[in-house]
Amino acid sequence: MARVLVCWELGNGLAYIEGLTATGRAIAKAGHEVHFAIRDLGHAERLLGGLFPYYQAPTTVIPRGMALQNPMTFADVLINLGYGNANAVIARVRAWRKLLDFVKPDIVRCANAPAALLAARGTGIRTLVVGIGFLVPPPVSPLPVLRTWAKKTNPERIAAREQQVLDGMNKGLDAIAAPRLASLGALYSETDMRVIYTYPDMDDYGPRDGVRYAGNLQPGMGEAPVWPEVKGKRIFAYLEPAKNIGLVLKALAATGQPALAYLPRPPEEFLRLYAGGNLRITDRPLDLLKTAAACDLGLSHGGHNIVGTFLAAGKPQLMIPNYFPERITAKKIAGLHAGLIATWDGTEISGKLTQLLDDASFSEQAKACAGRVAKFSTEAAIRSAATDVDELVALGPRR
């Protein structure tokens, strides 16, 4: 039996904690002791309480106004998340090392937790990196430019920012007397195992060697979907609160089709406005596997897990990205002709919803994509989490 610390440091979203909980249960069922260090405790008690010990992950509150407006690489994303400040990195690494000293894990299983990986260097702890392709960059320097639609780039500035991140990480490693990194990508490539929870077609860096693809990790948690009793094609929208979310709801209602929208903390005015019509709004977490299987068309902001869920279900989708990673994922799906991208414009959203409802080619291509990824399953991905740990246990501690 091994003690496993599941680490989540950066990023937001229910998908993180749901996926980590499901795989944590599989690891525990295999006889291992599982602890969690997680960024957002919002759903911790509901999903982890009474099952696993959990701790607040050492992370940084990012001040407003310090973000790069147009991140080009994974290094730029890390700068936006506080990794452009060497002192902040040192503090994170020290805090994670103290947490590791307290928990004394044999294995750390990291999902978007670079400081946890840094803190584990130079110890006997085995490291396992999991996540979508975006979160596990390849061992190349400079890192690939992900903003492929950018009309102008400055390679020298991009490289300088990557070096800034690397220098900060090495100062953090110096602070705990751990081995330095030769490149940012080495932080990930020098771990014991890399598991990518995506499909090769959806990998942000393209299909690659040196990693194991486990498919999209979307546990079947939550309630069964209930659409309004209206005839037509079922639309499911997985939404996040946003300033202009009313544009999306208005476009959904205007289709006249039965539409179900998951929206956390929906304003009362929207609930009153659309009550009894063809659009039903819920803030109750839904079983996304069942919901995607039952709908005819998906809509989201381009979050990787929900996009992958629609793809595996063979459903065409409309994506309205909010953030850089979502735009990258949306571009992948649009490139497969399995969906369309819209901006925050009500007319454009309505027009593209109509196009997806009327043009059967999108549905046909989505079904073809689903056929290519049918060999993957969430159940197999969850089970493999335990066998991955077993494999690392068999290796013994690092020297």
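Okay, let's start with the open sheet of 7 strands, ordered 3-2-1-4-5-6-7 and paired in parallel. At its edges are strand 3 (54-56) and strand 7 (212-213), each with a single partner strand, so one side of each has no neighbour in the sheet. Quick bookkeeping before I go on. This is a predicted model, where local features need pLDDT of at least 70 and side-chain atom pairs count only at pLDDT 80 or more, while totals for chains, interfaces and linings use all residues. Residues are numbered from 1 along each chain as its sequence is written, and side-chain values use heavy atoms, with hydrogens and water left out.

On terms: helices (H or I, at least four residues) and strands (E, at least two) are DSSP runs, numbered from the N terminus. Two strands pair if DSSP finds at least two bridges between them.

Strand 1 (residues 3-8) and strand 4 (residues 107-111) run parallel and are joined by 5 bridges. Which residue in strand 4 is the bridge partner of Val-4? That's Ile-107.

Now the helices on this sheet. Helix 4 packs on it, touching strand 1, strand 2 (33-38), strand 3 and strand 4, and its direction makes about 155° with that of strand 1. Helix 15 (residues 378-395) packs on the sheet too, touching strand 1, strand 4, strand 5 (126-131), strand 6 (193-196) and strand 7, at about 160° to the direction of strand 5. Contact here means heavy atoms within 4.5 Å. Axes are lines fitted to C-alpha atoms, for helices over the stretch in contact, and angles run from 0 to 180 degrees between N-to-C directions.

Helix 4 has a helix partner as well. Helix 3 (residues 74-83) packs against helix 4 (residues 86-103) at about 75°, with the axes 10 Å apart. That makes the two roughly perpendicular (65 to 115 degrees, by the cut-off used). Leu-81, Gly-82 and Tyr-83 in helix 3 meet Ala-88, Val-89 and Arg-92 in helix 4.

Lys-104, in the loop between helix 4 and strand 4, has a positive phi of about 55° although it is not a glycine. Another one: Ser-141 and Pro-142 are joined by a cis peptide bond, omega about 0°. Pro-142 lies in the loop between strand 5 and helix 6 (155-175). For context, most residues other than glycine have a negative phi, and most peptide bonds are trans.

On to the other sheet: open, 6 strands, order 10-9-8-11-12-13, parallel pairing. Strand 10 (279-282) and strand 13 (339-341) are its edges, each pairing on one side only. From one strand to the next, the twist averages 15°. Strand 8 (residues 235-238) runs parallel to strand 9 (residues 259-262), with 4 bridges between them. One of the partnered residues is Tyr-238, whose bridge partner in strand 9 is Tyr-262.

Helix 8 (residues 245-254) lies across strands 8, 9, 10 and 11 (297-300), at about 145° to strand 10. Helix 12 (residues 324-335) lies across strand 12 (317-319) and strand 13, at about 135° to strand 13.

How values were computed
Angles under 35 degrees count as roughly parallel, over 145 as roughly antiparallel, 65 to 115 as roughly perpendicular and the rest as oblique.
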